[in-house]
Amino acid sequence: MQRKIFGGILALASATWFAGSVAAGGAPASQVASAAATASATAPTFSADVAPIMYGKCVSCHRPGEVAPMSLVTFREVRPWAAAIRDKVAARTMPPWHADRAHGAFRNDQSLAQVEIDTIVRWVNAGAPEGDPARLPRLPPFPTGWQIGTPDIVFEMTEPFQIPAKGTVDYQYFEVPTGFTEDRWMQAGEVRAGDRAHVHHIIVYVKEAEPVRRPVVVSVRPLFPNGSGAAAPAARVAAAPRPAGASPVPRTGDQMLVNWAVGEDAPVFLPGMAKRIPKGASLVFQVHYTTNGTPGADRSKVGLIFSKEPPRTEVRTGMIANPLFAIPPGEGNHRVEAEASFSEDVNVWSMHPHMHLRGKDMTYTAVYPDGRSEIVLRVPQFDFGWQTDYWLAKPLALPKGSKLHVAAHFDNSAANRNNPDPAATVRWGDQTWEEMMIGFFTYTAAGQATTTASR
């Protein structure tokens with residue numbers, strides 16, 4: 001409202017100045033009109049300048065059926081949101097991208113270049129003109145349904161889970177047998193939540209019929225102040241319910257197959273790389289439901305595309321975690337650290353910080369055998385509502401003897417508007433009012449060629 005009032009006063013003042021100028025022998029009205037027409041002609045338009053940016057960086061989410069709350073495909077859809085779009089892109093809060101631009105290059109970076117931000121700001125400030133509709137680019141082809149393409153096979157929870165309207169729902173686990181009689185290799189995978197309004201995240205694990213023996217190349221340890229863990233509290237991890245007859249749920253990184261949360265891309269690995277699903281394995285859906293005042297029913301599924309050629313190396317998932325922490329009440333910058341050490345050469349392909357509502361920032365630092373170190377990912381403003389896998393433009397090569405150090409900060413103060421309870425001492429736990437400190441990473445190890453593959 002204040003912006004409209006100010007705009008009206010400015011327009012009135014301009015009109016008054018123009019009338020006085022002409023009366024005093026200033027520029028004639030025809031010259032002023034000509035100048036205004038020239039300025040309008042040079043302003044960006046939606047069709048020629050803004051739509052290409054929207055189509056390249058925004059409509060993957062802002063289109064019917066996807067996670068964003070409104071569609072931004074057509075001029076009619078975009079125009080009512082023009083001022084809000086300008087403010088969000090100028091502040092770099094949209095499109096969501098939380099990595100520090102000073103560290104690392106990422107192939108899934110959706111952030112806008114400064115020239116793109118400037119174009120949108122100029123367009124809105126010029127009145128958000130449509131321009132010539134004939135100059136509108138063709139909308140990129142987006143897959144319908146499965147983002148990875150048509151899966152080779154789909155596994156679905158055996159029956160719907162009924163979600164209550166209120167209360168806390170513990171993590172739920174649903175086991176689905178694969179029936180595989182030989183090892184299979186996943187080239188791409190995608191989880192589709194059946195009830196997005198109630199599903200916060202899903203992780204699909206592989207529960208092996210017989211443990212797969214993989215060389216241990218990563219060693220993870222939590223770090224504590226002054227090099228000692230003596231003051232660290234015991235981890236408090238609630239036992240999760242399991243389906244009747246199910247054996248303990250796998251929780252190691254190597255058994256993580258594919259996951260989903262708002263903001264995550266479905267993984268598609270390069271040719272020659274794949275994740276293993278051993279023969280006789282089952283898939284376990286770990287689902288985090290949140291209540292919202294209305295009941296629901298969820299029957300989620302996962303689609304898999306298998307490698308079309310024998311993979312040269314197995315894709316693995318690592319977890320650099322420290323569950324032994326206690327965040328004091330009111331503490332606004334509590335530091336928690338952990339590191340991984342590598343006993344073989346590895347390539348790191350992606351990194352994924354994970355914390356909950358008190359998560360403030362997370363930094364991954366590579367430390368090389370010669371003592372050199374570099375920040376490879378820094379997320380200065382972690383957003384629990386937008387989970388991101390940061391896929392490196394080029395893999396990070398860590399030679400044998402290297403370390404990957406992860407440091408996180410948590411804000412348990414009243415200044416954190418997302419903080420459920422600033423008076424609580426916060427420890428590790430599944431629920432969002434508890435906390436986690438995990439630096440996930442996807443990697444391949446040198447000299448670990450796969451031995452079998454199937455289509």
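Author: Angles between helices run from 0 to 180 degrees between N-to-C directions, and each axis is a line fitted to C-alpha atoms over the stretch in contact. The model is predicted. In it, helix H5 (residues 82–90) packs against helix H6 (residues 114–125) at an angle of about 150°, and their axes are 9 Å apart. Angles over 145 degrees count as roughly antiparallel, so H5 is roughly antiparallel to H6. The crossing of H5 past H6 is left-handed.

On the H5 side, the residues that meet H6 are Ala 82, Ala 83, Ile 85, Arg 86, Val 89 and Ala 90. Their partners in H6 are Ile 117, Ile 120, Val 121, Trp 123, Val 124 and Asn 125. Of the residues in this contact, 10 are nonpolar, 1 is polar and 1 is charged.

Next comes the loop between the two helices. Arg 92 lies in the loop between H5 and H6. Its phi is positive, about 60°, although Arg 92 is not a glycine. With a relative accessible area of 31%, Arg 92 is partly exposed. Pro 95 is also placed in the loop between H5 and H6. A cis peptide bond joins Pro 95 to Met 94, with omega about -10°.

Ala 128 is not a glycine either, yet has a positive phi of about 55°. Ala 128 is buried, with a relative accessible area of 2%.

Technical notes: Residues numbered from 1 in each chain as written. Predicted model: local features only at pLDDT ≥ 70, side-chain atom pairs only at ≥ 80, totals over all residues. Heavy atoms only, no water. Helix = DSSP H or I, 4+ residues; strand = E, 2+ residues; numbered from the N terminus. Parallel < 35°, antiparallel > 145°, perpendicular 65-115°, else oblique. Left-handed = near helix turned anticlockwise from the far one by under 90°. Contact = heavy atoms within 4.5 Å. Nonpolar A, V, L, I, M, F, W, Y, C, P; charged D, E, K, R; others polar. Buried < 20%, exposed > 50% of the residue type's maximum accessible area, 1.4 Å probe, protein only.
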